[in-house]
Amino acid sequence: MSAPGPAGRKDDHVRLAADQQAEGRRGNDFDDITFLHHALDGIDADTVDTSVEVAGTTWALPFHINAMTGGSAATGRINRDLAIAARETGVAIASGSLSAGLDDPALLSTFRVLRDENPDGVVWANIGVERRPDDARRAVDALAADALQVHLNSIQETVMPEGSRHFSGWLRSLEALRDAVEVPIVVKEVGFGLSTRTLSRLTDLGIRYADVSGRGGTDFVRIENSRRAGADYEYLTGWGQSAVASLLDAPASAPVLLASGGVRSPLDVVRALALGARAVGVSGTFLAPVLEGGADALIARITQWSAHTRALLAVLGAATPADLVHSDLIIDGSVARFCAARGIDITAWARRSDAAPSTERSRHDR
Ligand code: FNR
């Protein structure tokens, strides 16, 4: 059962998310994506440029620390470690929902530490879609944020003991938030995916960035359910689409996509990039080292991921993350069944390099 108040909820979320990490590496939809290996396609790792442009900023690495926490003394200390790791490795970082700090300014410092420790880095603020335009401005100002994440979390609210049951105003609220801030807005889920229909609605609203944040990693049905007396929503476990399914099903007109949800390794990062994500968010997998070994442990983890991401791009012959659009992906298992149900041609994904320009091939053909 939950400790009372928002601070207790924030501590619960961290503890329960960490428990899920401690259960060990779980299979998810990323396992259904395999790169077709081309033994002569490799390039030199030191020529790979891993940088990406996201929402008006340049990131040295195509992955980031995604929204997690703040709002209690303990989570303020975690944010400090996350911020130091972001500063030392140069990755972008998103705050947890600033709601607690907006409602109780005494708690704002537990979020502001993300900017205080990382004055020159890319820092995103985060609020729920039901918040008011003035809250959005205050959240951005509090962190001098480079962008504002707005989370859509109807399933989490439904299972959360103190959660909302009122979702009909969300589209209008999102419109108001869009007009309230100068910085880009990144709409995100919290682990249940963004469908084709949702992405199209975002495009219609003029939202230019969306993080599909899908199922298969941190599971907020299980987190909120274990905070309920009676844990009576257990049957909702597994709701939603994975990041992989969301990316495969995204319409051509979708906003620029970020992917998160169940990213466990640099291979998952590269898979998500190959499926069309501009950059990749990691929450649960990066929380575990921080809780075990503080900022140093996360710095070591991110440094390793950076080297591995570069190495994987080199072996795949991708000089930049964008070049991964030419990689051939074999889609298997439940993701293949999802594609069949949605009419997505998996053969086209397995033969993308046929159409790709290849210096070697044209030289040979001459
Ligand atoms: C989250 N997540 C989250 N998302 C959000 O938009 N606002 C928030 O306040 C939080 N809070 C939060 C706390 C903790 C402890 C975790 C682990 C996660 C959701 C997160 O950003 C992401 O969408 C999901 O966790 C899926 O990614 P992972 O954890 O599987 O990498």
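Visitor: At what angle do the axes of helix α1 and helix α12 cross?

Guide: Two packed helices are described by the angle between their axes and the distance between the axes. Helix α1 covers residues 5–22 and helix α12 covers residues 284–315. Their axes come within 9 Å, and the crossing angle is roughly 100 degrees. Angles of 65 to 115 degrees count as roughly perpendicular, so α1 is, relative to α12, roughly perpendicular.

Visitor: How many nonpolar, polar and charged residues does the contact of α1 with α12 have?

Guide: From α1, the residues Val14, Ala17, Ala18 and Gln21 take part. They meet Gly284, Thr285, Leu287, Ala288 and Leu291 of α12. Sorted by class, this contact has no charged residues, three polar residues and six nonpolar residues.

Visitor: Is Asn28 buried or exposed?

Guide: Asn28 lies in the loop between α1 and β1, the latter being residues 33–35. Its relative accessibility is 12%. Because buried means under 20% relative accessible area, Asn28 counts as buried.

Visitor: Which side chain makes a polar contact with the side chain of Asn28?

Guide: Leaving aside neighbours within four places in sequence, Asn28 is in contact with Gly216, Gly262 and Arg264. With Gly216, the side chain of Asn28 reaches the backbone oxygen at 3.2 Å. The polar contact between side chains, at 3.5 Å, is with Arg264.

Visitor: What distance separates the C-alpha atoms of Asn28 and Ser334?

Guide: Along the chain, Asn28 and Ser334 are 306 residues apart. In the predicted model, their C-alpha atoms are separated by 9.6 Å.

Definitions and conventions
Residues are numbered from 1 along each chain as its sequence is written. This is a predicted model: local features need pLDDT of at least 70, side-chain atom pairs count only at pLDDT 80 or more; totals for chains, interfaces and linings use all residues. Side-chain values use heavy atoms; hydrogens and water are left out. Axes are lines fitted to C-alpha atoms, for helices over the stretch in contact, and angles run from 0 to 180 degrees between N-to-C directions. Helices (H or I, at least four residues) and strands (E, at least two) are DSSP runs, numbered from the N terminus. Angles under 35 degrees count as roughly parallel, over 145 as roughly antiparallel, 65 to 115 as roughly perpendicular and the rest as oblique. Contact means heavy atoms within 4.5 Å. Ala, Val, Leu, Ile, Met, Phe, Trp, Tyr, Cys and Pro count as nonpolar, Asp, Glu, Lys and Arg as charged, and the others, Gly among them, as polar. Buried means under 20% relative accessible area, exposed over 50%, partly exposed in between (1.4 Å probe, protein chains only). A polar contact is a pair of N or O atoms within 3.5 Å; within protein, one must be able to donate a hydrogen and the other to accept it, and residues adjacent in sequence count only if both atoms are side-chain atoms.
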